[in-house]
Amino acid sequence: MRVGMPTWVIVAIGLVLNIVAALMTNFVIDDLGEEAALVIETQTNNNQIIQLTWQQVDALERRRETITIILASNTDSEALTAMFSQRLLSSFNDMADINISLQNMPMIMSSIDKKQDLLRNKIDTLYLDNLTLAETQRDLAGKISAYRNLALFLQVLGLALIMARDLSRKSK
């Protein structure tokens, strides 16, 4: 004795599976794709900030070298002109009025070191953020892949059930 389901039920189930697969692709996978794109954009922005911050660290080192060279070549140990000192120390708010001289060198070098340390800490933080974002990106890519595979499976299964209509006609 053969107990069967009506063909229209099998076809309806196949259609529902195809609709579910399409909705999954349209909403879930697209949303995860947008989220992954935001993660990649944030990583790119962080990389640009890291690059600019390294340039600032390098510029501070060039400034340190310039100050050292000027003091080494200055035969009279008088302080440099206020304008020249102000220009070289313009990025240090707390030293805007200090003249570059041998007496002020330890304080100037210490300030440069502190500013470089702050910039390096910023770079470290952004780098660690990028590592976390890379892990998030891998997780999102895995989810996207799993949902795509599930959607494909549902589509194939749905099409197979729809094709059951044609097979049931041939068997009669």
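This briefing walks through the charged side chains of the structure above. The structure is a predicted model, where local features need pLDDT of at least 70, side-chain atom pairs count only at pLDDT 80 or more, and totals for chains, interfaces and linings use all residues. Residues are numbered from 1 along each chain as its sequence is written, and side-chain values use heavy atoms, with hydrogens and water left out.

**Confidence**

- The average pLDDT (the predictor's confidence in each residue, from 0 to 100) is 85 for the protein, and 83% of the residues score at least 70.
- Confidence is highest in helix α1, with a mean of 91, and lowest in helix α2 (residues 82-88), with a mean of 66.
- Helices here are DSSP runs (H or I) of at least four residues, numbered from the N terminus.

- Side chains of opposite charge can pair when their charged atoms come close.
- A salt bridge is counted when a side-chain nitrogen of Lys or Arg lies within 4 Å of a carboxyl oxygen of Asp or Glu, and the count comes to five.
- Aspartate 58 and arginine 62 form one of them, at 2.3 Å from N to O; both sit in helix α1, four residues apart, about one turn of the helix.
- Arginine 62 also forms a salt bridge with glutamate 65, with 2.8 Å between the closest N and O atoms; these two lie three residues apart in helix α1, again about one turn.
- Together, Asp58, Arg62 and Glu65 are linked in a network of salt bridges.
- Aspartate 58 has 41% relative accessibility and counts as partly exposed, a class between buried (under 20% relative accessible area) and exposed (over 50%), using a 1.4 Å probe and protein chains only.
- Arginine 62 is partly exposed at 37%, and glutamate 65 is partly exposed at 35%.

**A link between two helices**

- Aspartate 113 and arginine 64 meet in a salt bridge of 2.5 Å, N to O.
- This pair links distant parts of the chain, 49 residues apart: aspartate 113 is in helix α3 (residues 105-171) and arginine 64 is in helix α1.
- Arginine 64 is buried at 13% relative accessible area, whereas aspartate 113 is partly exposed at 35%.

**A negative surface patch**

- Asp30, Asp31, Glu34 and Glu35 gather in a patch of negative charge on the surface.
- Such a patch is made of residues with over 30% relative accessible area and no salt bridge, with like charges joined within 9 Å.
- Glutamate 35 belongs to helix α1 (residues 7-73) and is partly exposed, with a relative accessible area of 40%.

Notes
Patches are made of residues with over 30% relative accessible area and no salt bridge: like charges are joined within 9 Å, nonpolar side chains (Val, Leu, Ile, Met, Phe, Trp, Tyr) within 5 Å. Accessible areas come from the Shrake-Rupley method with a 1.4 Å probe; for residues, only the protein chains shown count as cover. Lys and Arg count as positive and Asp and Glu as negative; His and the chain ends are not counted. The place of a charge is taken as NZ of Lys, CZ of Arg, CG of Asp or CD of Glu.
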